[in-house]
Amino acid sequence: MDTSNPALKAFGRVGSDVGTDRMTIRGTINKTLVLLAICFIAGATTYGATASNEDVVAVVLPAALIGLVVAIATIFKPQWSPWTSPVYALVEGVLLGAITALFEQEYPGIAIQAAGLTFAVAAVMLVVYQTRIIKVTNKFRMGVIAATGAIFLFYIVCFVLALFGMDVAPLNDASPLGIGISLVIVGVAALNLVLDFDFIDRSSQAGAPKVMEWFGAFSLLVTLVWLYLEILRLLARLRS
């Protein structure tokens with residue numbers, strides 16, 4: 001049961017002896033809504049408190065590092081997810097709030113557009129999955145996994161080049177190539193949602209432990225955060 005979302009790969013690390021209750025799709029949805037609420041409240045609060053670029057810089061780096069540590073801990077210890085996933089949602093809310101404030105200063109109204117498009121894309125992909133318009137086959141999974149890995153490798157290369165003062169123009173400008181790259185990345189992020197829906201569906205049918213509801217919610221939040229950030233970047237390029 002492969003998935004390109006690395007968080008969901010940790011399902012296999014929790015044995016069937018973790019409690020007697022079993023994971024359900026309804027329970028995972030409820031916990032996803034809880035995490036989204038935490039993320040939204042933290043984001044809205046941070047958005048209102050970041051009045052300058054200096055405030056954004058002071059918030060983004062610590063939030064990103066803490067979020068990374070919490071995410072890695074959750075991936076390797078899924079049984080901690082009832083406690084770590086709310087912390088992750090809180091930290092990511094702070095991170096997204098600060099980044100959104102920075103974009104909103106440059107492009108007024110972009111925050112509502114990005115949030116609306118993110119949830120619209122998620123709803124469409126859920127319908128696509130439920131109606132089996134896209135069939136989740138092994139070839140489909142491997143294709144999305146490969147595309148996701150290539151994107152993150154591309155990001156790492158660009159980050160290393162930036163450390164040496166080299167600018168990767170297609171990643172940062174509003175050229176047709178840059179917009180095209182953003183569209184491809186948004187598409188891959190959206191396809192990750194299909195894989196995640198499929199994995200959670202099959203895991204619940206297989207009788208995964210109840211604690212995995214929190215872990216499944218955490219994993220969906222990981223993908224939604226990525227999707228939101230990519231849509232935000234895409235809209236910024238289109239409005240440049």
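Is Arg132 buried, partly exposed or exposed? Arg132 counts as partly exposed because its relative accessibility is 42%. On this scale, buried means under 20% relative accessible area, exposed means over 50%, and partly exposed lies in between (1.4 Å probe, protein chains only).

Before going on, here is how to read the values. This is a predicted model, where local features need pLDDT of at least 70, side-chain atom pairs count only at pLDDT 80 or more, and totals for chains, interfaces and linings use all residues. Residues are numbered from 1 along each chain as its sequence is written, and side-chain values use heavy atoms, with hydrogens and water left out.

**Helices and the turns after them**

Back to Arg132: you'll find this residue in the loop between helix H4 (110–130) and H5. Its phi is near 60°, a positive value in a residue other than glycine. Helices here are DSSP runs (H or I, at least four residues), strands are runs of E with at least two, and both are numbered from the N terminus.

Helix H5 takes up residues 138–163. (The expected span is 1.5 Å times one less than the number of residues.) Several residues of H5 are buried, among them Phe140, Val144, Thr148 and Tyr155. Arg141 is also on the buried list for H5. Just after H5 comes Gly165, with a positive phi of about 80°.

With 30 residues, H7 reaches 44 Å from its first C-alpha to its last, close to the 44 Å expected at 1.5 Å a residue. Gly207 follows H7, and its phi is positive too, near 80°.

In the model, residues 83–103 are 100% helix and 0% strand, with end C-alpha atoms 31 Å apart. Residues 109–128 are 95% helix and 0% strand, and there the end C-alpha atoms are 29 Å apart.

**Charged residues**

How many salt bridges does the structure hold? There are 5, where a salt bridge is a side-chain nitrogen of Lys or Arg within 4 Å of a carboxyl oxygen of Asp or Glu. Some of them look like this:

| Pair | N to O distance |
|---|---|
| Lys31 and Glu213 | 2.9 Å |
| Glu213 and Lys210 | 2.9 Å |
| Arg233 and Glu230 | 3.6 Å |

Take the Lys31–Glu213 salt bridge. Lys31 lies in helix H1 and Glu213 in helix H8, so this pair ties together parts that are 182 residues apart in sequence. Helix H1 covers residues 25–49. Lys31 counts as buried at 17% relative accessibility, and Glu213 is buried as well, at 0%. Lys210, on the other hand, is partly exposed at 31%. Lys31, Lys210 and Glu213 are linked in a network of salt bridges. Leaving aside neighbours within four places in sequence, Lys31 is in contact (heavy atoms within 4.5 Å) with Glu213, Trp214 and Ala217.

Arg233 and Glu230 both sit in helix H8, 3 residues apart, about one turn of the helix. Arg233 is partly exposed at 27%, whereas Glu230 is buried at 3%.

Then there's Glu92, in helix H3 (residues 81–106). Glu92 is buried yet has no salt bridge, and the nearest side chain of opposite charge, Arg233, is 14 Å away. For such charges, Lys and Arg count as positive and Asp and Glu as negative, while His and the chain ends are not counted. Beyond neighbours within four places in sequence, Glu92 is in contact with Cys39, Gly67 and Val225.

**Aromatic rings**

The structure holds 6 aromatic pairs. Rings of Phe, Tyr and Trp (its six-membered ring) pair if their centres lie within 6.5 Å; planes under 30 degrees apart are stacked, over 60 edge-to-face, and the rest tilted. The rings of Tyr88 and Phe218 have centres 5.1 Å apart and planes at 75°, so that pair is edge-to-face. It links distant parts of the chain, with Tyr88 in helix H3 and Phe218 in helix H8 (residues 212–239), 130 residues apart. Both Tyr88 and Phe218 are buried. Elsewhere, Phe152, Phe154, Tyr155 and Trp226 form one aromatic cluster.
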